[in-house]
Amino acid sequence: MTYSFPEEVLEHVFSFLTSQNDRNAASLVCRTWYEMERWCRKRIFVGNCYAVNPRVLIRRFPEVKAVELKGKPHFADFNLVPEGWGGFVYPWIVEFARVYPWLEEIRLKRMVVTDECLEIVSKAFRNFKVLILSSCEGFSTDGLAAVAANCRNLRVLDLRECEVEELSGHWLSHFPDSFTSLESLNIACLSLEVSFSALERLVSRSPNLKTLRLNRTVPLEKISKLLQRAPQLADFGTGAYSAEIRPDVYSSLQEAFSGCKKLKSLSGFWDVVPAYLPAVFPVCSQLTYLNLSYATTQSPDLIKVISQCHNLQRLVVLDYIEDMGLDTVAVTCKDLRELVVFPSDPFVADANVLLTEEGLVSVSQGCSKLQSVLYFCRQMSNSALISISKNRPNLTCFRLCILEPRAPDYLTFEPLDVGFGSIVENCKELTRLSMSGLLTDRVFEYIGKHAKKLDMLSVAFAGDSDLGLHHVLSGCESLRKLEIRDCPFGDKALLANASKLLTMRSLWMSSCFVSFGACKLLGQKMPGLNVEVIDERENLNLLPENAPVEKVYIYRTVSGQRLDMPDFVRIMGKDKNGVYNLL
Amino acid sequence: MSSPLLGIEGGGPANASMESGFPKNPAFTERNYLGLSDCSSVDSSNVPSPCLNLKATELRLGLPGSQSPDRDPESSLTSSEKLDEKPLFPLLPSIDGICSSSTKTVVSGHKRIFTDAMDSCSEIKGLSEGSWLFAASGSDSDPSKSVIQGKFSTNSNVNGNVSSGDQVAKGVTTNLNKVNASNPPAAKAQVVGWPPVRSFRKNILATSSKNNDEVDKKPCSAALFVKVSMDGAPYLRKVDLRGYSSYQQLSSALEKMFTCFTIGQCGSQGGSGKGNLSESKLRDLLHGSGYVLTYEDKDGDWMLVGDVPWDMFIGSCKRLKIMKGSDAIGLAPGATEKSKNRS
């Protein structure tokens, strides 16, 4: 006699499983659980859109309400992935429209989204609520107009750092007067002016609006009006933070900010006029997130703001903050979890600001909860890195970019191997690491030995030989994403660790020494991988087998061949009803 | 300014200035931290040199002491040979034979990397301005032993005096910030995708801080992507014009992007490149190879790049095209005669 829970009970139990990993684990227990789970999984995350395909997804999960897809590899953010590579969401949208009429949420990252996609989204899903496009491109304001006009129940429209073809600013006016469900609107990436009166009316009729991130064109003088209409805002992004110095403008701005008792996140601040900064003082102590990375104002002005942000958890700022400002952060922001410092003038060789490694050391000392760092600077030393690692063993994400490639320890002129080695050794929970500076194979030895929880590693201009890559691939048990550029890594380590690649989401190598022959071999031997050679040169077929490829992108997949590749992308070593791209 | 720096490069071939023909020998690399040489002196991207003689631009790999190993990956690198104690490339990782024995070799090799560098460097006289040649001691040995051979040139952006050891760097860094009152910092040519900053962040200074005094500047887009096509190239690219602040930077970037379509020799290393590459020189570069850089402006007219001030150019440029010189005959005549320096 077999006992089994009634399905309803199982379903109820599964409803408490929210993490996809947990659900994946549950579905492996037995066939009953697998079946049960797949019918009730509502949220899907696909980290690499080419790892599966829409058919596979739909076949397994028939009742999906929310989908998240990621397309291009991370290095696409830095223009390393050529135009037209892929990441087209259209085939997915078409299938979703066909099969998931009750789909509510779509989150896309680094994908190509066309206006046609947006139109389908706006019409196919009656209860569509959340559209988050992060670093996407391929659509225009016409597509946005379709979404505005047709999505009656839209709650979230978030265009994060997208590249939008802006034909006009009128799209915002397409939200009908009957539309009142908006909770979150982020248009910071747009450059064209939207009708302010339409915006104001929209804000006025959206009582649930919690997040409003404006674009640069919204003038400072008008912000008070918006804030007055939406005092419930929790997350606000200003437009250009500049205006003629006028006391009436200033006081109404300050008053408006004072009225926002729930405001926790503040961003925007393009073109900041420092005289207006104190207008935000009333909310500083409430803030948990502050993004001043467009505020090109000097350290003293920044310090005046930050010194009041006692509850700050995440700070994004330009290197204008300088070491002195970071000392203030260390003293004031005792709850800080994440620090991001962007370079103000990345292409200038010498420092234009007094920001050094000391600022980071200072924050690492003062902010005991600091977990995540992204720091651009011009000099670093092993001793600083060692200090940081000892101060903050609880770091989970450490990304350091020394602007000059291969810069050594500026004090000793040694490589920074020992410093980064200390980071991975002391920060045992480290899941993400980006390195820079002068690094030899030794740092990879440290990483392979210690970085057991490392999930993502980014490497540039580092290492001496294949041994470096081998250390990482053979040692980092949790590694899922590895991206490498301009390192002398070749075929040996790659081929010797081929099976490791099946445990990872993806590996990117550009401007390294991986040869055509190796790519072909890997593709042939590993049917579970797509070995994409991305190479824009002509006459590739004439190059010898040992010639290095420009870029190779390797990822595990169950979906088989891509059908949407441009000419400069070849999947190596696979036969497709005959000879297929066998170079 | 740039040639002597290159003369230091790994005593061998590949000073032949290919487009990014910049031999990078990790065992021996000049460090140009002051960015004083011309554009792609810090270009360390986009190797290997595509479509061209690979040997000429070979990177030096492997441990010093091994014979200049070929770039040819098949003649395996000394260290990576150690990986082959098992059959050629076992597809299952076999950790045992790989790590232990080779590690020591590699480690000791690392010490030699820098010693070799020091030996080689010490023979080179006439260091040009701003070149730091350093010889770090091996990673295990006493760090305070590091020897610095370098010269600071007075026209560089560094005012520190070389004293010794630890003093140097500190002196340099404290001076760094005070330096640029009079000297505008030298702009570096961009390595593609480096530093890893999103395009819309690259131009923050260009669009706002220089206008800090003005309050009513018109807001401009964070990024200005235009398509770049080239006759004969199968694909077009996109560039963010706001990521550059001069024609020189743009031309360097385009050269790198289209280099495999033989846009021409990079003139950045040669001759008198002093960081003030004029538009006429840009056109010379392109003309030398038979190509010209043109753009379509707001009115739909095709013009030669370089005629107008940079800011005006990016305000009116809608797309770029690299055309064969013969096709560009009808364009903006007389523009090439102007040679205002606009960098």
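**Burial, salt bridges and patches**

Colleague: How do you know the state of A:Asp535 and A:Arg537?

Modeller: Both A:Asp535 and A:Arg537 are buried. Buried means under 20% relative accessible area, exposed means over 50%, and partly exposed lies in between (1.4 Å probe, protein chains only).

Colleague: What should I keep in mind about the model?

Modeller: It is predicted, so local features need pLDDT of at least 70 and side-chain atom pairs pLDDT 80 or more, while totals for chains, interfaces and linings use all residues. Residues are numbered from 1 along each chain as its sequence is written, chains are lettered from A and ligands numbered from 1 in the order written, and side-chain values use heavy atoms, without hydrogens or water.

Colleague: Why is the pair A:Asp535 and A:Arg537 called a salt bridge?

Modeller: Their closest N and O atoms are 2.8 Å apart. The rule asks for a side-chain nitrogen of Lys or Arg within 4 Å of a carboxyl oxygen of Asp or Glu. The pair qualifies because 2.8 Å is within that limit. In general, side chains of opposite charge can pair when their charged atoms come close.

Colleague: How many salt bridges are there over all chains?

Modeller: The count comes to 32.

Colleague: What makes A:Arg55 and A:Glu95 a salt bridge?

Modeller: The N to O distance is 3.4 Å, and that is within the limit. A:Arg55 lies in helix H4 and A:Glu95 in helix H5 (residues 90-99) of chain A, so the pair ties together parts that are 40 residues apart in sequence. Helices here are DSSP runs of H or I with at least four residues, strands are runs of E with at least two, and both are numbered from the N terminus.

Colleague: Why is A:Glu95 called buried?

Modeller: Its relative accessibility is 8%, which falls under the burial cut-off.

Colleague: And is A:Arg55 buried or exposed?

Modeller: A:Arg55 has a relative accessible area of 53%, so it counts as exposed.

Colleague: What makes A:Lys520 and A:Glu545 a salt bridge?

Modeller: Their side chains meet at 3.0 Å, N to O. A:Lys520 sits in helix H20 (residues 516-525) and A:Glu545 in the loop between strand S21 (529-534) and strand S22 (551-556) of chain A, so the pair ties together parts that are 25 residues apart in sequence. A:Lys520 is buried at 17%. A:Glu545, at 39%, is partly exposed.

Colleague: Which residues are linked in a network of salt bridges?

Modeller: A:Asp77, A:Arg110, A:Glu161 and B:Arg198.

Colleague: Which residues gather in a patch of negative charge?

Modeller: A:Glu7, A:Glu8, A:Glu11 and A:Glu63. Asp and Glu count as negative, Lys and Arg as positive; His and the chain ends are left out. Each charge is placed at NZ of Lys, CZ of Arg, CG of Asp or CD of Glu. A:Glu63 is partly exposed at 40%. A:Glu63 lies in the loop between helix H4 (54-60) and strand S2 (66-70) of chain A.

Colleague: What forms the positive surface patch?

Modeller: B:Lys227, B:Lys298, B:Lys318 and B:Arg319. B:Lys318, in strand S7 (residues 317-324) of chain B, is partly exposed at 46%.

Colleague: How do you know that chain A agrees with a compact globule?

Modeller: Its radius of gyration is 25 Å, and a compact globule of 583 residues would have one near 25 Å. The radius is taken over C-alpha atoms, and the globule rule is 2.2 Å times the number of residues to the power 0.38. Buried residues make up 65% of the chain.

Conventions
Patches are made of residues with over 30% relative accessible area and no salt bridge: like charges are joined within 9 Å, nonpolar side chains (Val, Leu, Ile, Met, Phe, Trp, Tyr) within 5 Å. Accessible areas come from the Shrake-Rupley method with a 1.4 Å probe; for residues, only the protein chains shown count as cover.
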